[in-house]
Amino acid sequence: EKSTMFMPEEKNYLIGLFDDQSLRETYRARLYPEMIRFLERMEERELVEAYLRQAPIRLCTREARTYLMEELIAYREYDKAYEYVKEYGVGQLSPAKLASLCSYEIEAYEMEEDDFLINLASYVFLHGKYDNAVLAYLEKYYGGTTKNLKRLWRACYAFEIDSFELEERLLVQMLYTTEFVDNVEQVYESYCAHGGISLVREAYLCYFSYIYLVKQTVVPNHIFPEIMQRICEEKEVPDVCCLALLNYFAEENEWSEEKIKVTMGILENYVNRGMYFAFYRRFPEKIKHYFQIYDKIFLEYRTFSDRRVLLHYRTDNEEQFVTEEMPEVFGGIYVKTFTVFFGESIEYYITEEGEDGLKVVESEQIVGREAGGRDDSRYELLNTMLFVRTLGDNERLRELMISYERREKENELLFRMI
């Protein structure tokens, strides 16, 4: 806004007035913004610069002070302006003007760490005003929220600024606070491409494996090929990653020979340790028969770790409920294994111990599945016999009974020979 208070012919008079030492400083301070605007209109740049350098900022109103500080920045009197910004704060100063000041001070500080400068740089960045210098400085020192770190990373990526340190801070902070950010896989892939350290990479894989396996949360799919690659390279892979990969294979249900081989290699470890999960039921028949889990039903309950969880169940032929403590298999997942034939059912309810004692948290019924699997197992023969008997197919039942009796005699002979 141009001054309308003074006329051009009054220039010499005004200069003399402002130079008069008897003029009260408070009055001079009140006239200062108008004087600067007048001299700018007269295109007296040198005079503007000279008067700005001696402006009585501390005596001015907030509005006048804001205007004069912005003028100091506009005329590249950065050191003076920075002194006042440190004293009075950013106030109503234009973010664009502050970005210019910030960029200059970053170079003046030779990228050295300074708390006030970091705060100033983050302020202008979050107001959408920045350049390479501001981004490079924040990349090195900024430690805001995970969301803002991701926003900064996106800006650095667009400006092609090396962001390795920022990527590491962002990933570590996200893992520590569990504050998930969208499209984090882009940050992770860039971090890996920049030679990210193995400790952070493993923590990243473990975090997403855990929330996928235990919390049943949707996670970036790119973690699973990396876990599989580590297993194929015979690297040491944490349980949570191995189990998450098995769960992913079961959900995906697209089985290649390589996946079956990897699954069988991993699964042997957990079967030997007595660790069973409901998702095992979705494995191919080949895997289920090899590990003899084709006839099993895995009742699974999820809660917090180290809880006392009791299972109360009874079969069709029982009046009283049997009570057992459900074992915690992994990370708050409690599992009980049953073998249930066709036509059989198990009624159950689960109680969990809390501050107010035991509380019923689940009640359901398990029903034996229909026959239809492979006929060469003892379980399938018995299951099919029960199913055929229900259908009234006596001839087929007789054939199955003969087959079952022959199988039992073969097994008896085999074990006698051993």
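Strands, a helix and cysteines in a predicted model

Tutor: In this predicted model, strand β1 runs antiparallel to strand β5, residues 333–338, and six bridges join them.

Student: What makes β1 and β5 a pair?

Tutor: Pairing takes at least two bridges. β1 and β5 have six, so they count as paired. Across this pairing, Arg302 stands opposite Ile333 in β5.

Student: What is the order of the strands in the open sheet?

Tutor: The order is β1-β5-β4, three strands with antiparallel pairing.

Student: Why are β1 and β4 called edge strands?

Tutor: β1 (297–302) and β4 (328–330) each pair on one side only. From one strand to the next, the twist averages 45 degrees.

Student: Which residues of helix α11 are buried?

Tutor: In α11, residues 184–193, they are Val184, Val187, Tyr188, Ser190, Tyr191 and Cys192. These buried residues pack against α9 (146–158), α10 (164–177), α12 (198–213) and α13 (223–232). After α11 comes Gly195, with a positive phi near 90 degrees.

Student: Why is Cys156 called buried?

Tutor: Buried means under 20% relative accessible area. Cys156 has 0% relative accessibility, so it counts as buried.

Student: What about Cys242: buried or exposed?

Tutor: Cys242 has 9% relative accessibility, which is under the 20% cut-off, so it is buried.

Student: How many disulfides does the whole structure have?

Tutor: A search of the whole structure finds zero.

Key. Residues are numbered from 1 along each chain as its sequence is written. This is a predicted model: local features need pLDDT of at least 70, side-chain atom pairs count only at pLDDT 80 or more; totals for chains, interfaces and linings use all residues. Side-chain values use heavy atoms; hydrogens and water are left out. A disulfide is a pair of cysteine sulfur atoms within 2.5 Å. Buried means under 20% relative accessible area, exposed over 50%, partly exposed in between (1.4 Å probe, protein chains only). Helices (H or I, at least four residues) and strands (E, at least two) are DSSP runs, numbered from the N terminus. Axes are lines fitted to C-alpha atoms, for helices over the stretch in contact, and angles run from 0 to 180 degrees between N-to-C directions. Contact means heavy atoms within 4.5 Å.
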